[in-house]
2 protein chains.
Amino acid sequence: MKQKNKDAIVKERILNNAESLFAQKGFRGVTVREIINAANCNLSAVNYYFGNKKNLYLEVFRARLIPRSQSMCERFKKFLGQRQPSDSPAAVVEALAQAFLEGPLSDDERRCHYQLMVREMSQPGEAFDLVFEHVMQPLLQDLSRRLRLVITEEIEEERLILNIESILGMIIHFNYFRSVITRFTGHAYDSSFKKRLIEHIIDFSLYGLGVGKKEVLT
Amino acid sequence: MKQKNKDAIVKERILNNAESLFAQKGFRGVTVREIINAANCNLSAVNYYFGNKKNLYLEVFRARLIPRSQSMCERFKKFLGQRQPSDSPAAVVEALAQAFLEGPLSDDERRCHYQLMVREMSQPGEAFDLVFEHVMQPLLQDLSRRLRLVITEEIEEERLILNIESILGMIIHFNYFRSVITRFTGHAYDSSFKKRLIEHIIDFSLYGLGVGKKEVLT
DNA sequence: TGACATTTAAAACAATTGTTTTATACTTTT
DNA sequence: AAAAGTATAAAACAATTGTTTTAAATGTCA
């Protein structure tokens with residue numbers, strides 16, 4: 001099926017460029033003509049393959065963002081499995097930070113990924129539901145289960161959720177606020193700086209500012 | 001000057017509604033006609049008072065977001081001054097979380113504020129420079145100075161910055177990702193839940209997950 | 001090869017966009 | 001009160017938007 005193959009090529013060029021542009025400028029900030037210029041194809045191709053612009057946008061989530069999230073989660077599990085021992089909070093946080101900052105993606109892909117996701121989070125819409133159901137929900141549940149196994153003391157569900165959201169919030173922040181972080185630290189956002197960030201995320205997640213002493217059961 | 005006064009009223013109605021709409025849908029997601037309908041004024045009023053749409057957008061930052069940020073910082077200092085003792089990391093974090101989650105603003109104003117700011121952070125533009133210079137930079141420097149005073153042990157500048165960004169990341173996350181947080185915890189985002197959030201932010205910022213013991217000088 | 005379906009291309013569509021123009025009302029000042 | 005300055009209103013502008021239509025090209029399969 002050479003036909004079907006060539007079909008897929010144009011279709012995926014559109015998806016790729018659409019994702020990048022939507023991530024940068026948002027749904028309404030991007031025109032269909034902008035996308036087809038980047039994808040080097042004809043205007044009607046968008047409506048031919050995806051029906052309309054809105055559906056192209058949703059397809060970007062279905063065909064790109066969600067699968068990528070799942071592959072990042074896979075990477076997390078793989079990292080965690082490699083660690084010895086893998087049953088400590090430190091191991092879980094390290095594997096998580098590694099998977100979400102270094103992971104299998106190119107840096108541009110990761111930037112794209114977080115921009116697209118963050119954009120949808122403030123104003124729940126159709127895409128939000130997709131992300132919530134297929135990305136946030138399973139991730140939180142997985143993390144919740146794993147952390148509960150490795151944290152020795154008793155911990156109520158709500159506090160666990162807030163802890164996890166704090167760690168995820170940090171990871172998202174260090175991805176999404178790159179321009180701020182690099183301006184403040186003066187470092188380029190390269191692989192050595194990412195290693196530094198991962199170190200920090202682990203340290204802060206486990207000990208916070210690390211000053212004073214933790215009271216038992218505040 | 002009744003003239004100048006009445007002038008200001010329409011002008012501010014435009015600014016108010018523009019900020020709310022821009023925060024919800026972004027610059028290109030909002031039409032001038034949408035704004036003037038919400039502000040209950042004529043179409044040409046936007047160009048009369050602000051020249052063009054882009055300039056209205058920037059004016060929203062200059063006349064609304066930046067002053068509000070400064071008043072939040074004032075509130076932070078006031079909270080901190082009220083605390084006894086006020087020279088501990090716990091006091092600083094508590095005052096910060098209080099100022100940024102409870103502060104002097106209505107809840108709608110706060111949502112608006114964070115949405116507008118986060119939107120600009122991913123794609124540096126003109127408004128980004130304004131926010132960076134008048135909001136992020138002074139806040140970070142103030143926090144850096146204060147924390148250095150109250151943290152007993154030696155701490156390198158970069159680590160301090162990362163610590164501060166982690167705390168700010170959490171605060172932003174718990175404001176911006178409301179819909180996710182409320183869905184996960186099942187709590188409405190009311191004042192009692194905000195108190196819970198502030199408690200958590202203090203606890204996590206000081207001790208992290210609070211498991212295991214912190215080694216001295218990792 | 002020839003009939004068929006599939007894909008690309010180009011042109012045209014109505015609707016919406018930001019902005020400008022022109023005219024009318026309202027205030028202030030002389 | 002007349003004049004001048006300021007603010008609101010309505011209509012029109014060209015440009016851009018997403019989408020549709022129509023035509024040409026390309027591929028598949030008998």
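**Entry 1: fold of chain A**

I read chain A along the sequence and got the pattern α-α-α-α-α-α-α-α-α-α. The secondary structure comes to 10 helices and 0 strands. Helices (H or I, at least four residues) and strands (E, at least two) are DSSP runs, numbered from the N terminus. I then took the box along the principal axes: the C-alpha atoms of chain A fill roughly 65 × 35 × 35 Å.

**Entry 2: ground rules**

This is a predicted model, where local features need pLDDT of at least 70, side-chain atom pairs count only at pLDDT 80 or more, and totals for chains, interfaces and linings use all residues. Residues are numbered from 1 along each chain as its sequence is written, chains are lettered from A and ligands numbered from 1 in the order in which they are written, and side-chain values use heavy atoms, with hydrogens and water left out.

**Entry 3: two domains in chain A**

I looked up the division of chain A. Domain 1 covers 1-51 and domain 2 covers 61-207; such bounds come from an automatic or database domain assignment. Over C-alpha atoms, the centres of the two domains of chain A are separated by 29 Å.

Next I checked where the domains of chain A touch. Contact (heavy atoms within 4.5 Å) involves 10 residues of domain 1 and 9 residues of domain 2. The buried area is about 780 Å², and carbon and sulfur atoms give 50% of that. Buried area here is the accessible area (1.4 Å probe) that two parts lose on being put together, summed over both. In domain 1 of chain A, A:Leu15, A:Glu19 and A:Ala23 lose the most area to domain 2, together 62% of what that side buries.

I counted 2 salt bridges between domain 1 and domain 2 of chain A. The rule wants a side-chain nitrogen of Lys or Arg within 4 Å of a carboxyl oxygen of Asp or Glu. A:Glu12 and A:Arg64 meet this way through their side chains, at 3.8 Å, N to O.

**Entry 4: chain B against chain A**

I turned to the interface of the two chains. Chain B puts 58 residues into the contact and chain A puts in 58 residues. Together they bury about 6,100 Å², with 62% of it on carbon and sulfur atoms. B:Phe184, B:Tyr207 and B:Leu209 supply 13% of the area that chain B buries against chain A, more than any other three residues.

The salt-bridge rule finds 7 across the interface of chain B and chain A. I looked up the one between A:Arg196 and B:Glu158, where the closest N and O atoms are 2.8 Å apart.

Which helix gives the most to the side of chain B that touches chain A? H8(B) does, with 14 residues. The residues of that side of chain B divide into 27 nonpolar, 18 polar and 13 charged. For the classes, Ala, Val, Leu, Ile, Met, Phe, Trp, Tyr, Cys and Pro count as nonpolar, Asp, Glu, Lys and Arg as charged, and the others, Gly among them, as polar.

**Entry 5: symmetry**

I superposed chain B on chain A. A rotation of 180 degrees with 0.0 Å of shift along its axis does it, at RMSD 0.0 Å. That is the relation of a two-fold axis.

Key:
Copies are superposed by least squares on the C-alpha atoms of residues with pLDDT of at least 70 in both.
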